[in-house]
Amino acid sequence: RACAACPAGTSSTEYLSDGGKRTGTNRCNPCPAGRFADGNGGYGSQSCTVCGTGLSSDAGAAFCMPKPTIGDTGESWEPLTLEASWHNASLRYVQVEDHDYYISLFHQYPTPGSAGAGESHTKAYWWEWLPPREGDSTCTSGSYMRPVGQVLESVEPWQSNESAQGSQGLWLTFSGECTSTAGARKRTAYLILRCDPEELSHGADLRYVYNMRPNSKTGCEDVALEWPTHSACPMCDSSDWEAVASACGPRGRKVTYIASRMCTGGAKPPEDHWEMCPDVTIPMALVTLASLGGCCIFFLSCYVLLLRRRYSKYIQLGGEPGSANGMP
């Protein structure tokens, strides 16, 4: 019986529960959790690859997915929430200068358009459109597509050395096999998702960064793109919300909450509310004290008058003329 290639998510290596492995089992074994096998373009995988930084997988996975949360409690992101801002979480066409790409953040896609011969099993996160090959009249439009990133290597927090606005976000690393007239080599592609609170449009332009622009359309140089978006800002924490009070009015003042740093999603701000103004609270206290003092003086005066009436017969205001010591 002829051998069949192991499908994606399996390999010919058996991974044991004690951490060991058995190679060359002549059967297809599901990859354990934390590993993946993409099927090697339909040729089958001999082993399962460990998921990179910020990635995880269930058993039998063909590719790894980002963990639910990337980063720590102070600076953290939800990649899948961010993905929803990327062309509805699907394959997106982008044109960067004179290059044409199709990119998905966290899911693999087959060849965009018509698949060429020998590429029906190929899936990638990042494709590029190539011009017709010189001297080749048999190429169809589908054969002009070439994978750039077939494997998602890692998803990591990114922090620039600059302290300016928009100096943080996520750094995605892809890799793939690239073939050109100079031969085949492993190609690395980077996509920086940069926090930009002023960029609310999900269709913001991408650009080359770090001088990592391909020298030609058919070259296999490493490439790096940057996407500025407010969705790449870290999640808000409850401690990020600061109270801001409005000017005082008849109802007092309104207190609202704004983020003390660039953030999106995460902890929601407290509800807006009204409160008494501090410059109104103090006079009211003084009025209360003055009222209490007035009441005390009033009751004390009444008490004095009562005493005068009760003891008026014993009180001699002064003696008559000609008498001694006021006596008759």
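Strand β23 (residues 253-259) is joined to β24 by 3 bridges, and the two run antiparallel. Arginine 253 has glutamate 275 in β24 as its bridge partner. Strands (E, at least two residues) and helices (H or I, at least four) are DSSP runs numbered from the N terminus, and two strands pair if DSSP finds at least two bridges between them.

Residues are numbered from 1 along each chain as its sequence is written. In this predicted model, local features need pLDDT of at least 70, side-chain atom pairs count only at pLDDT 80 or more, and totals for chains, interfaces and linings use all residues; side-chain values use heavy atoms, with hydrogens and water left out.

## Strand β19 and its partners

Strand β18 (residues 168-180) pairs with strand β19 (residues 183-195) in the antiparallel sense over 12 bridges. The two form a hairpin with 2 residues between them, and serine 180 stands opposite glycine 183 in β19.

Strand β19 also pairs with strand β21 (residues 223-229), in the parallel sense and over 7 bridges. Here alanine 189 stands opposite valine 223 in β21.

Glycine 54 lies in the loop between β6 (49-50) and β7 (55-56). This residue is buried, with a relative accessible area of 11%; buried means under 20%, exposed over 50%, and partly exposed in between (1.4 Å probe, protein chains only).

The C-alpha atoms of glycine 54 and serine 154 are separated by 5.9 Å, although the residues are 100 apart along the chain. Leaving aside neighbours within four places in sequence, glycine 54 is in contact (heavy atoms within 4.5 Å) with Met65, Pro66, Lys67, Ile70 and Val155.

## Tyrosine 303 in helix α2

Tyrosine 303 is placed in helix α2 (residues 278-310). At 49% relative accessibility, tyrosine 303 counts as partly exposed.
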